[in-house]
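Please look over the sequence and the model below before reading on. The paragraphs that follow go through them step by step.

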Amino acid sequence: MDLDHWIRRRIRMCYWRQWRKPRTKVRSLMKLGVSERLAIACGITSKGPCRSSKTKGINIALGTNYLASQGLVSLRDIWINIHYGR
């Protein structure tokens, strides 16, 4: 579902903006399981938050499972429950 993808990307952008400084970005990515090399490459990029939210390192750190553990629900799952009663 495209809306789910868009919401997850926007949330990743919010995390990226919240971390602000490159050092904080690198430390946060490494804390969430990204390798040091990839975290540094993502952290020091000059890309904006929208483009950065699509990179491999951020998608590994702030993946679907992590966002679900933080309380994000999938609209697709809700839609299936409503229409099919699973």
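In which loop is Arg20 found? Arg20 sits in the loop between α1 and α2. The model is a predicted one, and in it the phi of Arg20 is near 60°, a positive value in a residue other than glycine. Most residues other than glycine have a negative phi. Arg20 has a relative accessible area of 68%, which is over 50%, so this residue counts as exposed.

The overall layout comes next. The protein has seven helices and zero strands, and its pattern along the sequence reads α-α-α-α-α-α-α. The C-alpha trace spans about 45 × 20 × 20 Å along the principal axes of the protein. Of the 86 residues, 29% count as buried. Among the contacts with a separation of 6 or more, 62% come from residues 24 or more positions apart.

The C-alpha atoms of Arg8 and Leu62 are separated by 8.8 Å, although the two residues are 54 residues apart along the chain. If neighbours within four places in sequence are left aside, Arg8 is in contact with Thr64, Leu67 and Leu72.

Which residues of α2 are buried? They are Lys25, Val26, Ser28 and Leu29. Seen down the axis of α2, these buried residues fall within an arc of 165°, so they line one face of the helix. On the other side of α2, Arg23, Arg27 and Lys31 are exposed. The buried residues pack against α1, which covers residues 2–19, against α3, and against α5, which covers residues 56–61. After α2 comes Gly33, whose phi is positive, near 100°.

The packing of α2 with α3 can be described by the axes of the two helices. Helix α2 covers residues 22–31 and helix α3 residues 36–43; their axes come within 8 Å and cross at roughly 145°. This crossing of α2 and α3 is right-handed. On the α2 side, the contact is made by Pro22, Lys25, Val26, Leu29 and Met30. On the α3 side, Glu36, Ala39, Ile40, Cys42 and Gly43 take part. By class, the residues of this contact of α2 with α3 divide into seven nonpolar, one polar and two charged.

The aromatic rings remain. A pair of aromatic rings is described by the distance of the centres and the angle of the planes. With ring centres required to lie within 6.5 Å, the count comes to four aromatic pairs. One of them is formed by Trp79 and Tyr84, with 6.1 Å centre to centre and 75° between the planes. Because an angle over 60 degrees counts as edge-to-face, this pair of Trp79 and Tyr84 is edge-to-face. Are its two members buried or exposed? Trp79 is partly exposed, with a relative accessible area of 43%, whereas Tyr84 counts as exposed at 59% relative accessibility. Elsewhere, ring pairs link Tyr15, Trp16, Trp19 and Tyr66 into a cluster.

Methods:
Residues numbered from 1 in each chain as written. Predicted model: local features only at pLDDT ≥ 70, side-chain atom pairs only at ≥ 80, totals over all residues. Heavy atoms only, no water. Phe/Tyr/Trp six-rings, centres within 6.5 Å; stacked < 30°, edge-to-face > 60°. Buried < 20%, exposed > 50% of the residue type's maximum accessible area, 1.4 Å probe, protein only. Axes fitted to C-alpha atoms, helices over the stretch in contact; angles between N-to-C directions. Helix = DSSP H or I, 4+ residues; strand = E, 2+ residues; numbered from the N terminus. Left-handed = near helix turned anticlockwise from the far one by under 90°. Contact = heavy atoms within 4.5 Å. Nonpolar A, V, L, I, M, F, W, Y, C, P; charged D, E, K, R; others polar. Arc of directions from axis to C-beta.
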